[in-house]
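Subject: Structure handover

Hi,

Please load it first, then read the notes below.

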Amino acid sequence: MKELQDVILEKGNVLRGNILKVDSFLNQQVDCELMYRIGEEFYEHFKDYGITKVLTVESSGIAPALFAAKLLGSKLIFARKKKSLTTDINIFKSTVYSYTKQEMKEIMVSKDFLTENDKVLLIDDFLANGQAAKAMIALCNQAGAKVCAVGIVIEKSFQKGRKLLEDMGYEVYSLARIKNLSEEAIEFIDEN
Ligand code: 5GP
């Protein structure tokens, strides 16, 4: 997605540890117009997949997943990272190693929202080593729901996530694929 590549080049900052900081349009302040067009890209690609639920992880996946879910006519579910007083015991749980926080976290979804009748599209803001997507797949497996594909806003293609997910048999569709990340340059894989 050319527009997304241009915004990444203009507004992204490269931090140590191969981290791309994008909080001016995705991870803190959200560019809603851009998110809408991201939703449209996902819709165009996945409109014939019969998706019933879009699943993401709070909080950064929610903004891009919301418009995709709206356009696909499906519900959006976000896996929670923290238990709250309203989180009941009726949940599916999985653990994920957080790439940016470098710690293990539990994610959970209520059994009320994910069922064996669901055809699920996973969406996340970034794909690095594939751990967040793998944990979402585990939640779907517990529910008996079918994971149809994984949609990613920014893929760091020099890390292992795509291979991990493809080896598990899942399609990965990413809107921007970064080949190289350094303070001097951000290089994309051009698909066209
Ligand atoms: P993975 O689970 O694929 O290793 O990492 C993906 C998750 O880690 C995403 O949900 C995202 O929140 C976070 N993440 C991974 N790499 C980056 C990065 O370069 N920048 C930001 N902002 N988040 C990242």
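Start with leucine 34, which is placed in helix H2 (residues 32-46). Helices here are DSSP runs of H or I with at least four residues, strands are runs of E with at least two, and both are numbered from the N terminus. Leucine 34 counts as buried because its relative accessibility is 0%. The cut-offs: buried is under 20% relative accessible area, exposed is over 50%, and partly exposed is in between (1.4 Å probe, protein chains only). From leucine 34 to proline 64 the C-alpha distance is 8.8 Å, although 30 residues separate them in sequence.

Before going on, the ground rules. This is a predicted model, in which local features need pLDDT of at least 70 and side-chain atom pairs count only at pLDDT 80 or more, while totals for chains, interfaces and linings use all residues. Residues are numbered from 1 along each chain as its sequence is written, and side-chain values use heavy atoms, with hydrogens and water left out.

**Ligand site**

How many residues surround the ligand? The count is 16, and the closest are Leu20, Asp124, Asn129, Gly130 and Ala132.

- Asparagine 129: a backbone N or O atom lies 2.8 Å from an oxygen atom of the ligand.
- Glycine 130: a backbone N or O atom is 2.7 Å from a ligand oxygen atom.
- Alanine 132: again a backbone N or O atom, at 2.8 Å from an oxygen atom of the ligand.

The ligand exposes 500 Å² when taken alone, and the protein buries 88% of that. Areas are Shrake-Rupley values with a 1.4 Å probe; for residues, only the protein chains shown count as cover.

Strand S2 (19-21), strand S7 (119-127) and helix H4 (131-143) are the elements that give two or more residues to the shell around the ligand. S7 supplies the largest share, four residues.

**Polar contacts elsewhere**

A polar contact is a pair of N or O atoms within 3.5 Å; within protein, one must be able to donate a hydrogen and the other to accept it, and residues adjacent in sequence count only if both atoms are side-chain atoms.

Arginine 177 lies in strand S9 (residues 172-181). Its relative accessible area is 15%, so arginine 177 is buried. Its side chain makes a polar contact of 3.1 Å with the side chain of glutamate 155.

Serine 94 belongs to strand S5 (residues 91-98). Serine 94 is buried too, at 11% relative accessibility. Its side chain reaches the backbone oxygen of alanine 135 at 3.4 Å.

**Helix H3**

Leucine 71 sits in helix H3 (residues 62-72). Is leucine 71 buried or partly exposed? Partly exposed, because its relative accessibility is 25%. Leucine 71 and phenylalanine 42 are 29 residues apart along the chain, with 8.9 Å between their C-alpha atoms.

**Cysteines**

There are zero disulfides in the structure. A disulfide would be a pair of cysteine sulfur atoms within 2.5 Å. Cysteine 140 is buried, at 0% relative accessibility. Cysteine 32 is partly exposed, at 49%.

Best wishes

Key:
A residue is near a molecule or strand if one of its heavy atoms lies within 4 Å of it.
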